[in-house]
Amino acid sequence: MDNLYVGQTVYFSRIIPTGDVYDLIDLKIRTVDKDAKWFVGVDKKTRAAFLFHELDINNIIFFDRKNALNKVREAEKSRKVKVEVEDCLEDS
């Protein structure tokens, strides 16, 4: 956590299998609290803020974009394929 600072860019591998979400988000660090071991990153595109704990570093937060992208791709490979069902409506 010592290598985090305000204004730094980090990469968030947002993986939510139940919602079929596999995203890579570029974050700009807004706040770092080294005593409480948390930090806040803001999405560069949507300006949404995300709160993280120091344990998230190298798990879902990465300093290298390539590592974050690999994490997302690995999760996508292991996802379960959803069966799409078309609505079957009969004309009466």
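Modeller: The accessible surface of the chain is about 6900 Å², and carbon and sulfur atoms account for 47% of it (Shrake-Rupley method, 1.4 Å probe; for residues, only the protein chains shown count as cover). The model is predicted, so local features need pLDDT of at least 70 and side-chain atom pairs count only at pLDDT 80 or more, while totals for chains, interfaces and linings use all residues. Residues are numbered from 1 along each chain as its sequence is written, and side-chain values use heavy atoms, without hydrogens and water.

Of the 92 residues, 27% are buried (under 20% relative accessible area; exposed is over 50%, partly exposed in between; 1.4 Å probe, protein chains only).

The part I pick is the helix, H1, residues 65-77. With 13 residues, H1 spans 19 Å from its first C-alpha to its last, close to the 18 Å expected at 1.5 Å a residue (1.5 Å times one less than the number of residues). Its buried residues are Ala68, Val72 and Ala75. They cover an arc of only 60° around the axis, so they sit on the same side of H1 (the arc is taken from the directions from the helix axis to the C-beta atoms). An α-helix has 3.6 residues a turn, so residues three or four places apart point the same way. On the face of H1 turned away from the buried side are the exposed Lys66 and Lys77.

The cover over the buried residues of H1 includes S1, S2 and S5 (contact means heavy atoms within 4.5 Å). H1 lies across these strands, at about 140° to S2, residues 21-33 (axes are lines fitted to C-alpha atoms, for helices over the stretch in contact; angles run from 0 to 180 degrees between N-to-C directions).

The strands belong to an open, antiparallel sheet of five, ordered S4-S3-S2-S1-S5 (two strands pair if DSSP finds at least two bridges between them). S4 and S5 are at the edges with a single partner each, so one side of each has no neighbour in the sheet. S5 pairs with S1, residues 9-16, over two bridges, and Tyr11 has Phe62 of S5 as its bridge partner.

Methods:
Helices (H or I, at least four residues) and strands (E, at least two) are DSSP runs, numbered from the N terminus.
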